[in-house]
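Subject: Structure handover

Hello,

I am passing on the structure below, followed by notes on what was found in it. Please read the notes with the structure open.

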Amino acid sequence: MSYLDIDLEQALSVAKRAAREAGKIQEDYRSRGFTVGKKGETDLVTEADLACEEAIIRVIRETYPDHDTLAEEKGGSGASSPFRWLIDPLDGTTNFAHGFPVYCASVALTYGGEPLAGAVFDPTRNEMFYAAEGRGAYLNGDIIKVSATNDLISSLLATGFPYEIRAVEQNNIKHFTNFAMLSQAVRRPGAAAIDLCYVACGRLDGFWEFHLKPWDMGAGALIVAEAGGKLSASDGTKLDLYRADIVASNGHIHKAMLDTLAM
Ligand code: IPD
Ligand code: CA
Ligand code: CA
C-alpha cells in the first residue's frame, strides 16, 4: 500500500470534521462544567478530553475503519495499517481547566511518520487551520503564509514547558531566558498545536519546544510546512514527530533560533 492510495481531500475533510466535532464538545463542557482528574502532579485530564477523543475516533472510523490511531488519552489502536491518525483531543488542557481560552483539537493523518493531512480547530475563536500535503495551508478557507520577519530581535516567539519541568534535565528555562533577551518577546500560550498554527499564519515568527508528543505536532507541523515555514529538530536535523523536540519558524529566523538553542 502506498500513500498515493488515499484521497487527500477526503482525509482532510475527515480531519476537519473530527476536529470541529471535538471543538463543539469542548465548548459544550465549558458552558456546563466538567470534572477534572490528574495524570500527574500538574498534568490534568478533564471529562472533555475523554469525550473529544471518543468523538474524533468515531468520526475517523466511519471513513477509515482499518487505519491505525494514536490518541493521547487511550493510546494506540494496535491496527497494522501504515496510515496512522495522531489525535490530541484537547490541546491546552491546563488552559481549558482554568477557563483560559487558548485550547483546540488537533487531528492529523500520517503515513510512515509523515503527515499527509491535518486540522487544528480552536473553538474559542472559531478558527479552523488545515493543510494537506502539497496543497497549501488554510485558515477558515483563506490561504495562510508565514511572516516575513527576518531578524530575531524583531520576532515574536512562543514556547512551552513540559509537565515534568521539575524532573527533566532539558526543562527549557535556559533557552527561554536566552530567547527573551534576543527576540522582541516570547509567549507561552499553552497549546502547542495553536502555537504551530500561529507560526503558519504569521501571528508568531517562531516556536520551539522540547518533550512534545506526536499528537501535539502532527497537524501543526504540516500546516507550518504548507504555509512556507521551516521545521526541524532542536539540533537542526530533520523533524521527527516521535523525537519530542521541535523548532518551527518562518524560515528566515530558523538559523538564528538554532544558534540560540546551541548557546
Ligand atoms: C500540552 C500543551 C502545552 C505544551 C505541553 C503539552 P496538553 O498539551 O500543548 O502547550 O507546553 O508540553 O503537553 O496536555 O494540553 O494536550
Ligand atoms: Ca497536547
Ligand atoms: Ca491533550
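A polar contact here is a pair of N or O atoms within 3.5 Å; within protein, one must be able to donate a hydrogen and the other to accept it, and residues adjacent in sequence count only if both atoms are side-chain atoms. One such contact, of 3.5 Å, joins the side chains of Tyr 64 and Gln 10.

Some conventions come before the rest. This is a predicted model, in which local features need pLDDT of at least 70 and side-chain atom pairs count only at pLDDT 80 or more, while totals for chains, interfaces and linings use all residues. Residues are numbered from 1 along each chain as its sequence is written, chains are lettered from A and ligands numbered from 1 in the order in which they are written, and side-chain values use heavy atoms, with hydrogens and water left out.

Tyr 64

Tyr 64 is found in the loop between helix 2 (47–63) and strand 3. Helices (H or I, at least four residues) and strands (E, at least two) are DSSP runs, numbered from the N terminus. With 8% relative accessibility, Tyr 64 counts as buried. Buried means under 20% relative accessible area, exposed over 50%, and partly exposed in between (1.4 Å probe, protein chains only). Leaving aside neighbours within four places in sequence, Tyr 64 is in contact (heavy atoms within 4.5 Å) with Ile 6, Asp 7, Gln 10, Ala 11, Val 14 and Trp 85.

The calcium ions

Which residues coordinate the calcium ion (ligand 3)? The donors are Glu 72 (OE), Asp 88 (OD) and Leu 90 (O), at 2.1 to 2.4 Å. Donors are N, O and S atoms within 2.8 Å of the metal (3.2 Å for Na, K and Ca); water is not among the atoms, so sites may look incomplete. Glu 72 lies in the loop between strand 3 (68–71) and strand 4 (75–76) and Asp 88 in strand 5 (residues 83–91), so this pair ties together parts that are 16 residues apart in sequence. Glu 72 is partly exposed, at 22% relative accessibility, whereas Asp 88 is buried, at 1%.

The calcium ion (ligand 2) is coordinated by Asp 88 (OD), Asp 91 (OD) and Asp 216 (OD), at 2.1 to 2.3 Å. The spacing of these donor residues in sequence is D-x2-D-x124-D. Asp 91 belongs to strand 5 and Asp 216 to helix 6 (residues 214–226), so the pair ties together parts that are 125 residues apart in sequence. Both Asp 91 and Asp 216 are buried. The two calcium ions, ligand 2 and ligand 3, are 3.7 Å apart, and Asp 88 coordinates both.

Ligand 1

Of the 16 residues around ligand 1, Asp 91, Gly 92, Thr 93, Tyr 163 and Glu 209 come nearest; a residue counts as near a molecule or strand if one of its heavy atoms lies within 4 Å of it. One is 3.3 Å from a polar backbone atom of Leu 90. For a backbone N or O atom of Phe 161 the distance to an oxygen atom of the ligand is 3.5 Å, and for one of Ala 191 it is 3.1 Å. The protein covers 94% of the 370 Å² of accessible area that ligand 1 has on its own. Accessible areas come from the Shrake-Rupley method with a 1.4 Å probe; for residues, only the protein chains shown count as cover.

Helix 5 (residues 192–200) is mostly covered, with nine of its nine residues buried. Just after helix 5, Gly 202 takes a positive phi of about 85°.

In helix 7 (residues 254–261), the buried residues are His 254, Met 257, Leu 258, Thr 260 and Leu 261. They cover an arc of only 160° around the axis, which puts them on the same side of helix 7. The arc is that of the directions from the helix axis to the C-beta atoms. These buried residues pack against strand 11 (156–159), helix 4 (173–182), strand 13 (206–209), strand 14 (230–232) and strand 15 (246–249).

Glu 127 lies in strand 8 (residues 127–132) and is buried, with a relative accessible area of 11%. The side chains of Glu 127 and Arg 203 are joined by a polar contact of 2.8 Å.

Asn 140 has a positive phi, near 45°, in a residue other than glycine, and is partly exposed at 41% relative accessibility. Asn 172 also has a positive phi, of about 75°, although it is not a glycine. Asn 172 is buried, with a relative accessible area of 1%.

Regards
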